[in-house]
Amino acid sequence: MSGRSTTGRVHTRYAQPLPTIENYNPNRKAGFWKRNVMRVPGGVKPIGSSHYPQGQSASSSAKAAYGAQHPPLASSVSSDPSSPGNSAIRPELSFEEFNDKIADAWDASDKDDILDVIKSDSFSEVNDIPDALGAPNQSQRNLKNSRDLLMKHASKRIDSTLHINQEQHINSDTATVKETQLEFAGRESSRKERFIRCLSAPNVEFEILRELSWNGIPKSFRPKAWRLLSGYLPVNAERQELTLERKRDEYRSYVAKYYPLRNDPSFQETFRQIQIDIPRTNPLIPLFQQPLVQEVFERVLFIWAMRHPASGYVQGINDLVTPFFVVFLTEYIYEEADAETYDIVNLSSSQLEVIEADSYWCLANILDGIQDNYTFAQPGIQKKVQTLKTLVSRVNGKLHSHLEKHNIEYLQFAFRWMNNVLMRELPLRCIIRLWDTYQAEPNGFADFHLYVCAAFLNHWSRELLEKHDFQNLMILLQNTPTNSWTEREIAVLLAEAFSLKYVFADAPSHFDKMK
C-alpha cells in the first residue's frame, strides 16, 4: 500500500530510504531529483552544532531546518507556527504546490536519467522482495505489473511535461520576437517622423539631416535626402522647385550642346571607352542591361567628361552613376517593386529625363570632392592607398606583416577599392546604404571612405591569415564573398570605420607616429 504525503515524499514499504548527507553521492549519474534531492521542500538536512545559537546544542533542539538553504532557527523563534515571530519560516509546501513550482525542472536531456533513477532507486529491490518476505508468485507478478504500470505512467508524465515546456518556450520565444518587432517598428516609425519634420521644414536643418542620415535613410525619403546632402538641392523650401527646374533645363542644354560631339574625331576615343565600360557596369543586374538605361549612362558620362577636361572620363566613374540612378528611379515605382529588375520602358520620357538630370548633377557634385582620384596618374588614389597601408600596419600589424611576407602590394587590391568606391566589392543594396553615411559625413567620399576600406580589410583578417600563398590571397582580396551581406553587415562596418576615424583622423599625431 503506498500513498503520497503533503511533503511530496513517497511512502512505500518497499522503497529505499530518502538520501541523506551521509549516503548522498553527487557524482552519481542521475537526473533532476538526484541532483537536487537535498533541496526538495520538506527534506530534512541535519544541522551541525556551529549553526545553533550559542548555548544550544543539537541535542537540545528537536527542530529541523526546512530545506537545505533555510537559515538555522534562532532561540528567539517561538515553537508555535502561528506566532508572529515565526513569519519568516515558510510552511512546508503541499505536493500540488511543490509540483507546480518544479513543473519547469524537466529537461529533455534529463528524461533518460529520470527513468534510470526510477528504475534503479525506487524499484531496485522489487525482484528480491518475494524471497525476503516469502511472497507468493502472484504477489511478485502483481508487483512487477505495478512497476511496469508506474514506469509507463512516469514516462507519459515526463513526455507530457517536456511537451508543455517546449510549447511554453516556443510561446515565450514567439512573444519575444513579437516584442522586438513592435519595438523596432516603433523606432522606425519615430525615425520616419523625424525625417518628415526635417525634410518638410521651410528651411532644412542640414546638420540634423546629416545626423538622421548617418544611420541610414528610409527608402521613401532617400531621393530628396540625397539631393540635399549632395548639394544639388537648396535647403530653403521656396527655392527647391525653381532650382530643380533650372538645373534640369541646364542639363538638357548640355545634352544638346555636347552629345552630338561624340562622333567628332577628337572625342571618339572617349566615347568608345564609355561604350565599352557601360555593359560591364553591374552585368548581373538586369536594369543596367536595358538599352534605354545604357543610353542614359552614355550621355551622363560623356557630358561629364566634356565638362571636366582636366580628368576626362576614367574607368570606374561609370560605376558611380548606378546608385543615383536606382535611388531616383524609386520615386516612380511602387515601394515594394525591385528596382534592379524594373523594366524602364514603363516610365514616360519626361520621367526618365528627370532621373537622368538628377543623376548627372549628384554625380558631378560627388566627383568634385574626389577629382584628384581621376586626374593624370590619379594622385588622390595613390595617396589614399599609402595611407591605408600605414593605417592597417598600426591597427592590425599581424595582417600587415602577413601580406608583406607574401609580397602582396596594397596597390594591387586597394586601387580598385578607392577608384570604384567599393562598388565591385559590395552588392548594390549595400552600396546605397553605405552612401547614406558617406553623404552624411563631411568629405565622406574623400576621407571617411579610407577608414571604411581599413575596416573592410580588417574584417577578412582571419580568412586572409589562413591563406599562405600569393594567388589565394589575391583571389580573396579581389573577390570578397559579400553577396549575402545586408544592411546589418554595413552597419557593423561603418561602426568600425567610425572608431578608426575617431582615433586617427581626429588625432593627427597618431598618423605622425606611424610615418
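Which residues line the largest cavity? They are Ile370, Asn373, Lys384, Met418, Val421, Phe445 and His449. Before going on: this is a predicted model, where local features need pLDDT of at least 70, side-chain atom pairs count only at pLDDT 80 or more, and totals for chains, interfaces and linings use all residues. Residues are numbered from 1 along each chain as its sequence is written, and side-chain values use heavy atoms, with hydrogens and water left out.

On a 1 Å grid over the protein atoms alone, a cavity is a set of points where a 1.4 Å probe fits but cannot get out; a pocket is an open set with protein on both sides within 12 Å along at least five of seven lines, and lining residues have an atom within 4 Å of a point. Volumes are the space filled by probe spheres set on points joined across faces, edges and corners. The structure holds 1 cavity of 30 Å³ or more.

| Space | Volume | Lining by class |
|---|---|---|
| Largest cavity | about 30 Å³ | 4 nonpolar, 2 polar, 1 charged residues |
| Second largest pocket | about 980 Å³ | 10 nonpolar, 5 polar, 14 charged residues |

In those classes, Ala, Val, Leu, Ile, Met, Phe, Trp, Tyr, Cys and Pro are nonpolar, Asp, Glu, Lys and Arg charged, and the others, Gly among them, polar.

The second largest pocket has 29 lining residues, and Ile217, Lys219, Arg222, Arg433 and Glu487 sit closest to its centre.

As for contacts (heavy atoms within 4.5 Å), Leu457 touches Val392, Leu399, Leu403, Tyr410, Phe413, Trp417, Leu464 and Leu477, leaving aside neighbours within four places in sequence.
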